[in-house]
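Student: I keep hearing about charged side chains. Could you walk me through reading them?

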Amino acid sequence: MKKKFIFALLSTSIIASLLGGCQVSTDTGVETTEESSSTSTQTSDSNASETKSDTTGNEEKITWMFWDDLEATDDLITKGYKEVIDRFNEQYKGQYHVDVVTTNLEEYDTKLNALIAAGQTPDVFICNPGANLNQYVEAGVAADLTDILTNQESEWYGTFSDGIFEGITYDEKIMAVPTCFAAACVFYNTEIFEKAGVQPPETFDELLETCKKIQDAGYVPISCSANTPWCLSMVAGYLCDRQGGPDNLEGIMNGTLDWTSETFVKAAHNLKELSQYFQDTAAGDSNDQATANFYNGEAAMLVQGSWAIGQVNGNNPEFEDKCGVFRFPGVDGGADPNRMIVKTDNLVMSSTTEHQDACIALMKQFTDDTAQKYIAEVGGKIPVTGVEIDYNKAPKQLSYIHDILQSTTGTLGFYNESLGSVEAGDTFDNAMVEVFLGSATPEEALQKVQDYFDKKVRK
């Protein structure tokens, strides 16, 4: 099966198309609905929470699985997804009804896989691109959505931004529907930067100097979670790309470059050098804790995707005014510094669902104008359709990211999601954690990744 390694070679025309849809609008705002009453139970096989709301008893029922609690969250994106679910259940009352199965992000894949193994695959579930989606496509869990999206009677496909399906297409078959688009940047506390007398850095050496000045001024320079490995490996992925550009991933995947090559060794040393400026609790902090450190003013910087905007502004609305954004810096003598890590959140429909029409109706609800306007104007993510958005309503951070994307020359996915399999991605993640912890030198850690590739990928 020919896989699309998410956004590794994505053209800038897709970015241009996405930004082209973000035009100024005079629309009055985002539609909301009243919350329906609900109760939560625990599913026996996954220990995930299932939320059921009131029905007439005549509806055709489906389940949707998500990686956050819709009932107990301050994350603005999650709140928007709850609005979609409430609106769907109200609009289709008497016809369709969706019950929500939720768990936390760290346990999501494990519990989703447990449900699949038990023959209880959710009718629709959220999924990361790349290796995570690969496994469900290869196992036949994901339904082929090509005909549903592109048949002559449907106008659905034409509402999406050009090229947005590229990273979720296999052998010319569309296997998921994107709900939003995000780019990874460096968020920074403008007040701390001003007090430390520093400006957003443009190179890695300047970043280190900035961190030193912030530390000398009495602040934690960077908040990062090493306990949630993808957070750390996202930083590592940026450093790998800044050292070697797209040739790095291409070389790894086609076997012409080893993990022990100089470009990766330099990047791992960069990671170790930068990590001295992380908070003291980085080894044990979760992603949520690391993000909270930032929006609570305990750290000057946070390297995260624009999905963090909804979490930051939802938990501390007053922080928006002092939250700046800059592109992850380049490396002197390295590759193109204007490339961005990007990704979509995606909906997968179970290949075994007996309620296809209800599933399609739900996925359309996630991508209609009401939902997509909320994604941008409240949540701060980039919509995947051509809906017009009003930047006067949108979070300030989204405007900063919009400006950064204007000069972006290329995109890449998370390194751990771009290596073909979940196990390969985990191997890279674990190696970067070892570098951070000092339990292995950069050379030793990368040799472990190379050993895995020699044994499992290039055999």
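Tutor: Let's go through salt bridges and then a charged patch.

Tutor: This is a predicted model, where local features need pLDDT of at least 70, side-chain atom pairs count only at pLDDT 80 or more, and totals for chains, interfaces and linings use all residues. Residues are numbered from 1 along each chain as its sequence is written, and side-chain values use heavy atoms, with hydrogens and water left out.

Student: Okay, how many salt bridges does the structure hold?

Tutor: General idea to begin with: side chains of opposite charge can pair when their charged atoms come close. Here a salt bridge means a side-chain nitrogen of Lys or Arg within 4 Å of a carboxyl oxygen of Asp or Glu. The structure holds 15 of them. In one of these, Arg87 pairs with Asp368, with the closest N and O atoms 2.8 Å apart.

Student: Which parts does that pair tie together?

Tutor: Arg87 is in helix 2 (residues 76-91) and Asp368 is in the loop between helix 13 (356-366) and helix 14 (369-377), so the pair ties together parts 281 residues apart in sequence. Helices are DSSP runs (H or I, at least four residues), numbered from the N terminus.

Student: Is Arg87 buried or exposed?

Tutor: Buried means under 20% relative accessible area, exposed over 50%, and partly exposed in between (1.4 Å probe, protein chains only). Arg87 has 7%, so it is buried, while Asp368 is partly exposed at 22%.

Student: Where do Lys266 and Glu262 lie?

Tutor: Both are in helix 10 (residues 262-275), four residues apart, which is about one turn of the helix. Lys266 is partly exposed at 40%, and Glu262 is exposed at 55%.

Student: What about Glu434?

Tutor: Glu434 forms a salt bridge with Lys448, their closest N and O atoms being 3.0 Å apart. This pair links distant parts of the chain, with Glu434 in helix 16 (residues 422-437) and Lys448 in helix 17 (residues 442-457), 14 residues apart.

Student: And which residues form the negative surface patch?

Tutor: For a patch, take residues with over 30% relative accessible area and no salt bridge, then join like charges within 9 Å, or nonpolar side chains (Val, Leu, Ile, Met, Phe, Trp, Tyr) within 5 Å. Asp and Glu count as negative. Here the negative patch is made of Glu202, Asp205, Glu206, Glu209, Glu273 and Asp332. Helix 7 (residues 204-216) gives the most, with three residues. Asp205 is found in that helix and is partly exposed at 40%.

Key. Areas by Shrake-Rupley, 256 points an atom, 1.4 Å probe, with all protein chains shown as cover. Charge placed at Lys NZ, Arg CZ, Asp CG, Glu CD. Helix = DSSP H or I, 4+ residues; strand = E, 2+ residues; numbered from the N terminus.
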